[in-house]
Amino acid sequence: MQFHHSGYVSGDPRVQPAAGVGIDRPAELPDEIDVLIVGSGPAGMLLAAQLSQYPDVVTRIVERRDGRLVLGQADGIQPRSVETFQLFGFAERITAEAYNIGYMNFWGPDPEAPQNIIRTSRTEDYGYKISEFPHLIVNQARVLDYFAEAAAHGPGRIAPDYGVEFTGLTVHEAGTPEAGDYPVEVRLRHVAGERAGEERTVRAKYVAGCDGARSAVREAIGRKHLGDISAHAWGVMDVVVNTDFPDWRTKCAINSVAGNILHIPREGGYLSRMYIDLGEVARDDNHEVRKTPIEAIIAKANDILHPYTLDVRDVAWFSVYEVGHRVTDHFDDRSSDDSDASPRVFLTGDACHTHSAKAGQGMNVSMQDGFNLGWKLGSVVSGLAPESLLSTYSAERQPVAQQLIDFDREWSSLMARKPEEISDPQELATFYLGTAEFPSGFMTQYGPSMITGDAEHQELATGFPIGKRFKSSQVSFVCDGNVVHLGHHAKADGRWRVYAFADAPGAGEASALTEWAEWMSSPDAPIARFTPDGADVDAVFDVKVIYQQPHEAIDITRAPEVFRPKTGPLGLMDWEKVFAAAPSFWCPTDIFEERGISRDGAVVVVRPDGYVAQVLPLSATAELGEFFAGQMLAR
């Protein structure tokens, strides 16, 4: 963590200095708002945390509840989400309080006594096999708390306006007198406190609907939730129990003649979540199954676990749901016959995709929706990028949602099978491990667009597939020899990362890297063209270099100045943009080898949301300039 950038800091370094609208932030909702977020769920709170890094953007978030979420329904945290937490600065803290899924065990009927269940296999969880981050379980409420902290501690000082309900909106057509600079007219109502019942209207440039499966924002823009509910119901409960079931503190998929259970231990050492198969639902049930009492759910769980028993001592929460799979027809308000129009209203999370909870994807995919949208809104409203950038949100996230629905439909079907329908007892375990990269969040790959290049030069860095998330690897700081993960030395601050992987010569020697660095410092390069006047030289582009040599073989003072910028009010040199790749006593790996990077060097461009945008040779300066010119506004 870097601080003391503007002088000595004696307090919590995670609290950034207030700036822009974060200085004397008004308690009352203003009449005009740049970005209005509706709903403080995972997508909405991440969006607020991201936009807090754009203090010149007036952002407010309204929430119908009268305060913070106390008990969330989502709890599974996939490794990609923990990567995201790292970018927002709280991965270590939330990991410390979460339950780490180290194994998943599978149970099925005993062939010699089918009424009993036996363990059929033990499998190591996929988290650490494909990431440096674990697969966690922690209550959604705590995730929201951490994002709320990040939003409140960011320069924009964003905090939810609780007790305010969204009731409708009107998007005025561009160019009309009604549109003005804030074309979205939003109707709100206070539902809590002394002002309960009071209604008012605000104007916004953009609205993000993060308001759940029954989204009023979705209804207001006429989008349709397409899909259906399967004829199968599940009870879910968070409980503390006494039991003789030996795997109570291990994640388990349990199949028995009485039904199925997905069992997930929770944080804290005692609490667990159970998804209990309630069987098929009659066509004329009319959702009556949702009234199933907790006593019946507990009894069903005991039937499935036979010969083991549960003595439920406390129920923190329970519900009954019917598995549904739905995707909204479009994730913004732009009509299909007006492709040139700029979207003004966006849908995220459950507002645009719903599915079963058993694959642990809802909160995770929702957060990535918010991450994808946040930096784009910040860039457009702050004048860094054209409005056309916003059209990439629906284009990128809708295919991801459909892939999620397809995956969840298959996983849910496998989980709901009866014993006689299973020919291979290992099939579920095989599927769980074989598809691990998808639920982990690592299979998302955005196609070519104004912000994602093509694969013409992919062979220069095969371990950084264009369009996929930047997969970190260990390197050493040249300044002190300490080992760090390259990807962890980034923040969710809206900046683009440009990683220059050097060719063979060292610092200060004539090389392709030296020529590239000279160009990056020239008036024709993106830094000069797109960094706002008066801003730090690295305010938009965080440029780093990774040399092939050991750290002790590099003189950092001879590295090109673009990698040693002097920034902040004191003009201090940043010592932490120069890295070494060669293995050392503390760093056994070489990122060039691990990520298939050419020894002739390469440039890897990473978007503000952590996805690889471009791979180019060091000589391709014109192509790099054209790439950014295609999606940024000159200062």
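Domain 2 and domain 3 bury about 270 Å² between them, and carbon and sulfur atoms give 45% of that area. The model is predicted. On the domain 2 side, Ile 130, Glu 132 and Phe 133 supply 92% of the area buried against domain 3. No other three residues of domain 2 supply more.

The contact itself takes four residues from domain 2 and five residues from domain 3. By class, the domain 2 side that touches domain 3 has two nonpolar residues, one polar residue and one charged residue. What polar links cross this interface? The count is one residue pair in polar contact, with both residues at pLDDT 80 or more. Salt bridges between domain 2 and domain 3 number zero.

Now step back to the whole chain. It is divided into three parts. The C-alpha centres of domain 2 and domain 3 lie 47 Å apart.

In an unreviewed entry, UniProt places the feature "domain: Phenol hydroxylase-like C-terminal dimerisation" at residues 444-633. How much of that span is helix, and how much is strand? Residues 444-633 are 14% helix and 19% strand. The end C-alpha atoms of the span lie 28 Å apart.

Note on methods:
Residues numbered from 1 in each chain as written. Predicted model: local features only at pLDDT ≥ 70, side-chain atom pairs only at ≥ 80, totals over all residues. Heavy atoms only, no water. Domains from an automatic or database assignment. Contact = heavy atoms within 4.5 Å. Buried area = accessible area lost by both parts, 1.4 Å probe. Salt bridge = Lys/Arg side-chain N within 4 Å of Asp/Glu carboxyl O. Polar contact = N/O pair within 3.5 Å; in protein donor to acceptor, adjacent residues only side chain to side chain. Nonpolar A, V, L, I, M, F, W, Y, C, P; charged D, E, K, R; others polar. UniProt positions renumbered as here; feature names shortened; annotations may be inferred. Helix = DSSP H or I, 4+ residues; strand = E, 2+ residues; numbered from the N terminus.
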